[in-house]
Amino acid sequence: MMALLSQMLNAVFSNDYLANTLQIATFLLFTAVGVILARRSGVFFLAADGVLSLSATAAFLSNAGIRGLVLGNAQEGTAEYEQLIGRANAFGWLIGMLFGLIVGMTGTLILCWFLLRAKTNTLVTGILFNLFAMTACGMALHLIHREDGLIASGTAASFPALKIDAVAKIPVLGGLFGSTNLLTYLAVAAVFGAFYLLNRTGFGLRLRAAEENGAALIGTGISVERTRFLGMLFAGAAVSLGGIALSLASTSPTLSVQPHGEAYLALVAVWACDGRLWKSSIAVFMLSLVGALSVIWSDFPIPASLVEMLLYAAALGGLWIHAQNLKRRRKRRLRRQRRIVEGEQPTEKRKGRLFSRHHSKKAKD
Amino acid sequence: MNKVIDKIPPRVQRKLTAGFIGLFVCLLAILIFEDHRIEAMKAFFLTPLSSIEEIGALLSYLTPMVFVALATTIIFQCRRYSLSMIGSFMLSASLVTGFLLRGDEQPGWYLIPAALLISIVVGAGVAGIPAVLSIRRRVNITLSSLVLDYLILQLTSFILQNYMRDPSLGQTASFEIPQRLFLLEILPGTGIRLGFLFAAAAVALLYLLLYRGRLGYEIRSVGASESLAGYVGLSYGKTVLKAQLLAGALAGFGGAVEMMGIQPRYVWDGSFPTVALLGILAAVVVEYHPLWIPVCCLFFGYLWRGGMALNAYSGFPKEVALFAAAITALVLFALRDLELKGASRSKTEKASVPSAGEPVSKELKPEAKPRKRRNQPSKGKQQKTHSAPESAKTDAKMPQRESQPMSDPLEKAELESQQNAADYHDGGEEGGEK
């Protein structure tokens, strides 16, 4: 028992664990960015799960198809194979990415029509869309492999890893960052990109206005629907990239029809952080720390489902902690207000501003 | 022909069209992807109706679906979009299987009612968790129930693999529940069991409860507008909790009915049961009306049995039924919108001067529309034909209705809540955002 525990701990303190965490964090981060952008467009992006699975399946299948087409009949180990494999892989992931984006964006467009144009109920449409996407992906996979829904690994090319020699020489982290996938860097860039888009551009301002105060935006002569639609397009692109990362970022890409609810985890992370970008990114990383456990402990004699349960339990716990914090904050505010009313405490100076209104009034007096 | 079509109300027309499109999608998939088309189509379309046994199987297979659909109806009428019925269904099915397999030596008169009771308690318990979180802590109920579903998915597959698995089978499935523990067969030879009667009774009772009973009125008024329900003295939290617990109990009961006679092995290892998902879709398609649920379930059950027959024949993916059902529901949503658009357009055409410049009107339309509608005085026909607010609940905006006079406070409140687009913050985020 003790030996098993120490082995499990050893597995956690390994490079492998961090690498797996990063891999899971990649697609979760993309999805979370997409969900935040959608939230800013005023849409509860429940259908992110559908978009994610659609783009993942499309990316994987097109990747495998193109790769098989380029390789032709070349057998593994022959000179011809060695010659072709590089080109096949490059074509594979490029086309996979292209198709993943196209299919994911198409799904988002359909969803946008329902949500923004037809104005159907966000949640019910999201649920329907997810069911539709789930079954469509399952059908596609089962039509290709009629027996079971799992395609053997090695049929699709994974996304290339970025190797930086200078980083690879660093003792501990070198092993990790020397072979991190390109998409992981892209995901981190997407977070910064989303921050820039939302907070530093005119479009971001309009998007936030569309969510918070549509009437003001109409007053300036800008269509709310169009702004929200554009925001949703960005969101769809981010989630589609998440789908591509989901199916292609690992070193041996596989795709299974079993539902795991990845996008729901990202949604939980965002909703437990009130839609804050940086907080959500950290929450996503913490979720993927838990999620990676099921990968590295897969060889140990512990039931895999129980370890996977941890992930969902962590998500539920996150939601609960968030609610608890909110409650505490509300109570504290009420208590402070009561003290102010009862005259025990002078009215508060506003933090973070040098010259608050309260301050300047005093100066005038 | 046209006269006949005109007699059918547009709501039903839409549903029929959507259903036909769903069937058409199945047909198309089979035509494209199957080699022996005629045989495959025979297997899909005719097998479910080919014999008395098959029809009996179809009817008994749709029983759990009806239960899940009823659960969905209650929850969605209350407008707290929880998806805990999947979790309720799975966990109660799993625990009932475990209970019946473990207590094999006990007499049947004790086991069967105890199993049914367990299913009800477990189902209500599962549905209660997100409900309580939502009411007490204002956690988003959709998200928490979804995550709980996935947690239960892993939990049930853990129970299945470690405590119930039958090693002699190729696929992962539990031991078979002995036949003496099945529910009573009411029509010998067809496989229709007592669960069918239970389902029929549940449909009738739920209709009475929702449209004739006090609790149903409470549920619907909370669904229409939380604040109005508060003003008239209803406790929002209590009503939501009651609705969720009732729904969970129904879904859990459906799980027990499924295990006791219809599907004697627990087979869902790592995937959601199709029957539960079809039940949700059925409730959405009939716009949460209990009396229409059996009809829609019959259609979906037919598709499902057909898909299974086709799967046995040629290995065609079983998902085709769920796919067609999802398409049906989505198409229905789209049709409803087109119809509403068409109605409002014809009204505005009559009202407005036709010589308005084209490009200008195009530019102005999307922005001017919502304002115009809201301030529009009621004109045209002053009839008030509709009585129940249950129809077309899922529409976010209904221009048809807004132009009509509103005397029913419930209806008025419903429209208001729709205009506020409260769905985005569903689960009560607004309380703590600042």
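# Two chains in a predicted model

This is a predicted model. Where its two chains meet, chain B supplies 52 residues to the contact and chain A supplies 50 residues.

Q: How many charged residues are on the side of chain B that touches chain A?
A: By class, this side has 30 nonpolar residues and twelve polar ones. The charged residues on it come to ten.

Q: Does α14(A) pass α7(B) in a left-handed or a right-handed crossing?
A: The contact includes A:Leu306, A:Met309 and A:Tyr312 from α14(A), and B:Val147, B:Leu151 and B:Phe158 are among the residues from α7(B). By class, the contact has 14 nonpolar, five polar and one charged residues. The crossing is left-handed.

Q: Are α12(A) and α14(A) roughly parallel or roughly antiparallel to each other?
A: Helix α12 of chain A covers residues 262-271, and its axis comes within 9 Å of the axis of α14(A). The two axes cross at roughly 20°, and angles under 35 degrees count as roughly parallel. The crossing is left-handed. The two helices are therefore roughly parallel.

Q: Which residues of α14(A) meet α12(A)?
A: From α12(A), the residues in this contact are A:Leu265, A:Val268 and A:Ala269. The contact divides into five nonpolar, one polar and no charged residues. On the side of α14(A), the residues are A:Ala315, A:Gly318 and A:Leu319.

Q: How many of the 25 residues of α11(A) are buried?
A: Helix α11 of chain A runs over residues 224-248 and reaches 36 Å from its first C-alpha to its last. That is close to the 36 Å expected at 1.5 Å a residue. The helix is largely enclosed by the rest of the structure, because its buried residues number 20.

Q: What percentage of the residues of chain A count as buried?
A: Chain A has 15 helices and zero strands. Among its contacts between residues at least 6 apart in sequence, 75% join residues at least 24 apart. Of its 365 residues, those that count as buried come to 46%.

Q: What percentage of the residues in chain B are buried?
A: The secondary structure of chain B comes to 17 helices and two strands. Of its contacts with a separation of 6 or more, 77% are between residues 24 or more positions apart. Chain B has 434 residues, and the buried ones make up 48%.

Q: Is B:Arg138 buried or exposed?
A: B:Arg138 lies in the loop between α6 and α7 of chain B. Its phi is near 60°, a positive value in a residue other than glycine. A residue needs 20 or more C-beta neighbours within 10 Å to be buried. B:Arg138 has 20 inside 10 Å, so it counts as buried.

Q: Where in chain B is B:Glu287 found?
A: Most residues other than glycine have a negative phi. B:Glu287 has a positive phi, near 55°. With 20 C-beta neighbours inside 10 Å, B:Glu287 counts as buried. Its place is the loop between α12 and α13 (293-314) of chain B.

Q: How far apart in space are B:Ala71 and B:Tyr288?
A: B:Ala71 is in helix α4 (residues 52-77) of chain B, and it counts as buried because it has 35 C-beta neighbours inside 10 Å. Leaving out residues up to four places away in sequence, B:Ala71 touches B:Met85, B:Ala247, B:Gly248, B:Leu250 and B:Ala251. In sequence, B:Ala71 and B:Tyr288 are 217 residues apart. In space, C-alpha to C-alpha, they are apart by 9.8 Å.

Notes. Residues are numbered from 1 along each chain as its sequence is written. Chains are lettered from A and ligands numbered from 1 in the order in which they are written. This is a predicted model: local features need pLDDT of at least 70, side-chain atom pairs count only at pLDDT 80 or more; totals for chains, interfaces and linings use all residues. Helices (H or I, at least four residues) and strands (E, at least two) are DSSP runs, numbered from the N terminus. The expected span of a helix is 1.5 Å times one less than its number of residues. A residue is buried if 20 or more other C-beta atoms lie within 10 Å of its own, exposed if 12 or fewer, and partly exposed in between; C-beta atoms are placed from the backbone. A crossing is left-handed if the near helix is turned anticlockwise from the far one by less than a right angle, and right-handed if clockwise. Two residues are in contact if their C-beta atoms, placed from the backbone, lie within 7 Å. Ala, Val, Leu, Ile, Met, Phe, Trp, Tyr, Cys and Pro count as nonpolar, Asp, Glu, Lys and Arg as charged, and the others, Gly among them, as polar. Axes are lines fitted to C-alpha atoms, for helices over the stretch in contact, and angles run from 0 to 180 degrees between N-to-C directions. Angles under 35 degrees count as roughly parallel, over 145 as roughly antiparallel, 65 to 115 as roughly perpendicular and the rest as oblique.
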